[in-house]
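Biologist: I would like to learn how to read helix packing and a nonpolar core in a model of this kind. Could we go through it step by step?

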Amino acid sequence: MAETPIPARTLHKGQQTRATILDAALTLAAHMGLEGLSIGALAEVTGMSKSGVFAHFGSRDELQIAVVREYHHKFEEEVFYPALREPRGLPRLRALFENWVRRVAVEIDSGCIYISGAVEFDDRPGPVRDALVTMVQTWQDALERAIRMGVEAGHLKPDTDPAQMLFEVHGLILALHHDARFMRHPGAVERARIAFLRVLENYAVPGVLEDKSPARKRAASARAVRS
C-alpha cells in the first residue's frame, strides 16, 4: 500500500516552526551556553508544548547539534562568503579577519558559541563535541586556505608556515573575545586590528603592505600616543 503523501503546506509550516525554535535556541545558547539548552526552556520561550518542541528535535543532543550547525551557517553568511568577493591574497585575508572581528564585536553582549562551546565540551567526547570540532575545523581550514593563497599570490613570504600564521590570527580573536567580553577593556577591538597588522608585517613580502592603509594609520597613532 502506497504511503499517503504529506501536503507541501504542512511541510512548509513544519519548517517554519523548526526555524522559529532554532532562532530561540540560538539566543538562549548565546547567553547560557549549549548546556543551558533544554526542551523545557525552549517550550517556555516559544510558547509551545514540550512535546511540540520534541517533535522537531528528538533529543537534547540533536537540539544542540542543530544549534551548532545553524550558528555555523550564520557565521559563514556574515564572515566567510562576503570575503570571497575580495581578490585572493591579502585583500581576502584582511576581509576574513575584519569580518570576524566585527562579528565578535557584536557578540560581546551575548557570546560566541564556538568559544563557549569549546569550554563546555573540551573534555566531553560525544556527538555535540564532534559537531563543534567539525564546524570550527571547517572555518580554520578556510582561513588556512586563504593564507596559502596569499603565498601563491606573492603577497606572503614563500617560507610562510600557514598553520603557524593561522594559530597567531586565531589567537588574536580569542584574546579579543576575552578582553572585550570578560575584562570589558575599552579599545580591545582596535588592539586586535593593530595586532593583526603586525602579524601581516611579519609574514608579508616587503613592499606589499600599503603605507597609508587605515590599520597602519591607527598603529602609528597608537605609537604616537604612547610616546
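This is a predicted model: local features need pLDDT of at least 70, side-chain atom pairs count only at pLDDT 80 or more; totals for chains, interfaces and linings use all residues.

Biologist: How are H5 and H8 arranged relative to each other, in angle and in distance between their axes?

Modeller: Two packed helices are described by the angle between their axes and the distance between the axes. Here helix H5 (residues 90-106) packs against helix H8 (residues 162-182) at an angle of about 20°, and their axes are 10 Å apart. Angles under 35 degrees count as roughly parallel, and H5 and H8 are therefore roughly parallel to each other, with H5 passing H8 in a right-handed crossing.

Biologist: Which residues in H5 and H8 meet?

Modeller: From H5 come Leu93, Phe97, Trp100, Val101 and Val104, which meet Met165, Val169, His170, Leu172, Ile173, Leu176 and His177 in H8. By class, this contact of H5 with H8 has ten nonpolar, two polar and no charged residues.

Biologist: At what angle do the axes of H4 and H6 cross?

Modeller: The axes of helix H4 (residues 60-83) and helix H6 (residues 113-121) cross at roughly 150° and come within 11 Å. Residues making the contact include Tyr71 and Phe75 of H4 and Tyr114 of H6.

Biologist: Which residues have the most contacts inside the largest nonpolar core?

Modeller: In soluble globular proteins, nonpolar side chains tend to be buried together. In this model the largest nonpolar core has 64 residues, and those with the most contacts inside it are Leu34, Val67, Leu93, Trp100, Trp139 and Met165. H4 gives the most to this core, with ten residues. Leaving aside its neighbours within four places in sequence, Trp139 is in contact with Phe75, Val79, Phe80, Leu96 and Trp100.

Note on methods: Residues are numbered from 1 along each chain as its sequence is written. Side-chain values use heavy atoms; hydrogens and water are left out. Axes are lines fitted to C-alpha atoms, for helices over the stretch in contact, and angles run from 0 to 180 degrees between N-to-C directions. Helices (H or I, at least four residues) and strands (E, at least two) are DSSP runs, numbered from the N terminus. Angles under 35 degrees count as roughly parallel, over 145 as roughly antiparallel, 65 to 115 as roughly perpendicular and the rest as oblique. A crossing is left-handed if the near helix is turned anticlockwise from the far one by less than a right angle, and right-handed if clockwise. Contact means heavy atoms within 4.5 Å. Ala, Val, Leu, Ile, Met, Phe, Trp, Tyr, Cys and Pro count as nonpolar, Asp, Glu, Lys and Arg as charged, and the others, Gly among them, as polar. A nonpolar core is a set of buried Ala, Val, Leu, Ile, Met, Phe, Trp, Tyr and Cys residues joined through side-chain atoms within 4.5 Å. Buried means under 20% relative accessible area, exposed over 50%, partly exposed in between (1.4 Å probe, protein chains only).
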